[in-house]
Amino acid sequence: MFFGKTTTPEFGWKPTTDSPLTGITRNPWNLERTPGGSSGGSAVAVLAGICPLAVGTDAGGSIRIPAAFSGVFGHKPTFGKVAVHPPSAFGDVSHAGPISRTVEDGALMLDAMKGPDPRDWYSLPDDGIAYRERVGEGSLKGKRIGLSPTLGYHEPAPAVREAVERAGQVFAELGASVEPADPFPQSPWPIFEVLAGAGMCALLRAMPPEKVPLMDPGLVDLCRSGEAVTQQQYVDAIGKRVALGVALNRFFERYDLILSPTMPIPAAYAEPRGDGAPDPINYRDWLTYTWAFNLTKNPSASIPCGFADGLPLGLMVTGPLYDDLSVLQACCAYEEAAGSVWPSPQLTAALARAEGTPDENVKAKIKPLS
């Protein structure tokens with residue numbers, strides 16, 4: 001039963017959560033930081049204990065980004081596994097999936113969400129898998145895992161790299177064969193930028209003219225930038241996307257899973273700063289990994305893997321097309337082996353009133369990974 005609508009930026013257009021209608025949604029770990037977006041309200045509601053489960057949508061990372069920045073679990077299923085109606089403005093890069101506190105809860109929610117709907121032309125037949133029953137059954141023994149702190153094209157912050165490499169050691173201790181392997185030789189961003197720009201332009205054209213002045217000005221500017229995309233650029237981008245997906249399929253002939261950072265940094269600032277620090281304005285500088293797997297449609301999840309600067313970090317676990325079960329089972333095994341790397345969340349303001357400086361008190365309670 002749904003009992004509330006959580007906040008998002010308009011049409012889920014950016015990786016932070018703010019809009020002229022609802023204002024700024026802030027990260028409970030540090031109120032100066034964003035919980036990520038676009039499903040930032042969902043992640044905060046789960047983190048703060050307002051609800052145990054929340055729906056997320058993900059056209060470029062909008063489930064996994066807030067999961068990483070907020071320290072919860074988020075799963076972007078294989079495209080089409082969860083039917084969507086009405087259709088997303090972003091077409092077949094947009095997925096829907098669960099955000100939860102634990103992997104088991106996420107599997108339970110996927111059981112409820114998955115399956116076809118005649119109103120969604122893209123939706124897949126039900127796979128018949130009981131994810132909640134099987135999520136704890138998987139073993140990592142013998143699994144071939146590619147560990148890629150950069151995905152082949154972008155170096156993360158040192159603390160993020162260390163956390164991802166430490167997570168790789170946990171997978172190895174659980175019996176997996178873990179080795180460095182990058183799935184991409186270069187950034188697929190030019191492909192995503194063309195396709196997203198064309199979708200944004202179409203979104204603006206479909207909007208009644210009298211409604212455009214009510215939209216977030218940043219969203220309108222982004223939509224209008226898509227007007228520069230030519231027909232030839234769009235057709236070329238589709239062809240390059242197909243080649244990218246085929247190349248990743250071939251990568252998964254050698255590996256069962258990819259481990260990588262969800263985000264290259266801890267949570268960005270919630271408000272513009274103008275000093276070069278990660279914020280809502282310069283998001284293209286730090287939105288670097290998640291969208292690649294929207295282009296390829298693969299199942300991809302973010303699970304907490306560490307803590308830096310008083311903020312959680314996310315590990316992205318990605319698997320072959322249609323193999324959501326392996327992704328969830330791997331996350332479940334890691335969650336059980338690594339244990340909690342921070343205390344149960346408390347709203348920063350409440351913690352400050354009760355105990356003093358929030359970051360220092362939280363850090364003092366952190367259980368380190370071994």
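Where in the chain does proline 86 lie? In this predicted model, proline 86 is found in the loop between strand S4 (73-76) and strand S5 (95-100). The peptide bond that joins histidine 85 to proline 86 is cis, with omega at about 0 degrees. Another cis bond runs from glycine 37 to serine 38, and here omega is near 10 degrees. Serine 38 belongs to the loop between strand S2 (23-24) and helix H1 (40-47).

The backbone has a couple of other spots to look at. Phenylalanine 11, in the segment before strand S1 (18-19), has a phi near 60 degrees, which is a positive value in a residue other than glycine. Its relative accessibility is 42%, so phenylalanine 11 counts as partly exposed. Tyrosine 322 also has a positive phi, near 75 degrees, and is not a glycine either. Tyrosine 322 sits in the loop between strand S10 (311-318) and H10, and it counts as exposed because its relative accessibility is 52%, with the cut-off for exposed being over 50%.

Now for the rings. A pair of aromatic rings is described by the distance of the centres and the angle of the planes. The structure holds 14 aromatic pairs. In one of them, the ring centres of tyrosine 153 and tyrosine 289 are 6.3 Å apart and the planes are at 55 degrees, so this pair is tilted. Tyrosine 153 comes from the loop between strand S6 (144-147) and helix H5 (158-173), while tyrosine 289 comes from the loop between strand S8 (257-261) and helix H9 (292-296), so the pair ties together parts that are 136 residues apart in sequence. Tyrosine 289 is at 0% relative accessibility and therefore counts as buried. Both tyrosines also belong to a cluster linked by ring pairs, made up of Tyr153, Phe184, Trp189, Phe192, Tyr289, Trp291 and Phe293.

Setting aside neighbours within four places in sequence, threonine 288 is in contact with Tyr153, His154 and Pro264.

Next come the helices. Two packed helices are described by the angle between their axes and the distance between the axes. For helix H6 (residues 189-206) and helix H8 (residues 231-251), the axes come within 9 Å and cross at roughly 130 degrees. H6 and H8 are therefore oblique to each other, and their crossing is left-handed. On the H6 side, Ile191, Val194, Leu195 and Ala198 take part; they meet Gln233, Tyr234, Ala237, Ile238, Lys240 and Arg241 in H8. H5 and helix H10 (residues 324-338) pack at an angle of about 100 degrees, with 10 Å between their axes. That makes H5 roughly perpendicular to H10. Here Ala167, Val170 and Phe171 in H5 meet Ala330, Tyr334 and Ala337 in H10.

Finally, leucine 53 has its place in strand S3 (residues 53-58). With a relative accessible area of 30%, leucine 53 is partly exposed. Leucine 53 and glycine 106 are 53 residues apart along the chain, yet their C-alpha atoms are separated by 7.6 Å. Leaving out neighbours within four places in sequence, the contacts of leucine 53 are Val46, Ile99, Ser100, Asp105 and Met109.

Terms used. Residues are numbered from 1 along each chain as its sequence is written. This is a predicted model: local features need pLDDT of at least 70, side-chain atom pairs count only at pLDDT 80 or more; totals for chains, interfaces and linings use all residues. Side-chain values use heavy atoms; hydrogens and water are left out. Rings of Phe, Tyr and Trp (its six-membered ring) pair if their centres lie within 6.5 Å; planes under 30 degrees apart count as stacked, over 60 as edge-to-face and the rest as tilted. Helices (H or I, at least four residues) and strands (E, at least two) are DSSP runs, numbered from the N terminus. Buried means under 20% relative accessible area, exposed over 50%, partly exposed in between (1.4 Å probe, protein chains only). Axes are lines fitted to C-alpha atoms, for helices over the stretch in contact, and angles run from 0 to 180 degrees between N-to-C directions. Angles under 35 degrees count as roughly parallel, over 145 as roughly antiparallel, 65 to 115 as roughly perpendicular and the rest as oblique. A crossing is left-handed if the near helix is turned anticlockwise from the far one by less than a right angle, and right-handed if clockwise. Contact means heavy atoms within 4.5 Å.
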